Amino acid sequence: MRPTIISPGAINTELLTSVADESIKERYEDFYASHGIPADRVALTIKQAIDLPEDTAWNEVVMRPIEQVFKNLNQSFKNFQIFYVPND
């Protein structure tokens, strides 16, 4: 057995049809329209994990549109500052 955890980010699926709040749904639809990646990419990733040699496994795969990754990084480092102190 070779279990693999696949954690997708903004993937274009029918998930948004279940969002009841119209203002939230509209924001997500805008984001997914400009940044979402096709669901077939997840299917391809699953196929690649299955097709690995039997002595090899992908334990975990996190896949997101690159714009979603950068947005998360920008928010994470918003108040982060780097100070350079030269050696004397």
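## Helices, charges and rings in a predicted model

Reader: What pattern does the protein follow along the sequence?
Author: The secondary structure comes to three helices and four strands. Read along the sequence, these elements give the pattern β-β-α-β-α-β-α.

Reader: What share of the residues counts as buried?
Author: A residue is buried under 20% relative accessible area, exposed over 50% and partly exposed in between, with a 1.4 Å probe and protein chains only. Of the 88 residues of the protein, the buried share is 17%.

Reader: Which residues gather in a patch of negative charge on the surface?
Author: A patch takes residues with over 30% relative accessible area and no salt bridge, joining like charges within 9 Å and nonpolar side chains (Val, Leu, Ile, Met, Phe, Trp, Tyr) within 5 Å; accessible areas come from the Shrake-Rupley method with a 1.4 Å probe, and for residues only the protein chains shown count as cover. Asp and Glu count as negative, Lys and Arg as positive, while His and the chain ends are not counted. The place of a charge is NZ of Lys, CZ of Arg, CG of Asp or CD of Glu. The negative patch on the surface is made of Asp-21, Glu-22, Glu-26, Glu-29 and Asp-30.

Reader: How far apart are the closest N and O atoms of Lys-47 and Asp-51?
Author: A salt bridge needs a side-chain nitrogen of Lys or Arg within 4 Å of a carboxyl oxygen of Asp or Glu, and the count by this rule is one. Lys-47 is partly exposed because its relative accessibility is 48%, and Asp-51 is partly exposed at 48%. The closest N and O atoms of Lys-47 and Asp-51, which form a salt bridge, are separated by 2.4 Å.

Reader: Why is the pair of Tyr-28 and Tyr-32 edge-to-face?
Author: Rings of Phe, Tyr and Trp (its six-membered ring) pair if their centres lie within 6.5 Å; planes under 30 degrees apart count as stacked, over 60 as edge-to-face and the rest as tilted. By this rule there are two aromatic pairs. The ring centres of Tyr-28 and Tyr-32 are 6.3 Å apart and their planes stand at 70°, so the pair is edge-to-face.

Reader: Which residues form one aromatic cluster?
Author: Tyr-28 and Tyr-32 both lie in helix H1, four residues apart, about one turn of the helix. Tyr-28 is partly exposed because its relative accessible area is 42%, whereas Tyr-32 counts as buried at 16%. Phe-31 and Tyr-32 also form an edge-to-face pair, with 6.1 Å from centre to centre and 75° between the planes. The one cluster consists of Tyr-28, Phe-31 and Tyr-32.

Reader: What distance separates the C-alpha atoms of Gln-48 and Trp-58?
Author: Gln-48 lies in helix H2 (residues 39–50) and is partly exposed because its relative accessible area is 37%. Gln-48 and Trp-58 are 10 residues apart in sequence, and their C-alpha atoms are separated by 9.4 Å.

Definitions and conventions: Residues are numbered from 1 along each chain as its sequence is written. This is a predicted model: local features need pLDDT of at least 70, side-chain atom pairs count only at pLDDT 80 or more; totals for chains, interfaces and linings use all residues. Side-chain values use heavy atoms; hydrogens and water are left out. Helices (H or I, at least four residues) and strands (E, at least two) are DSSP runs, numbered from the N terminus.
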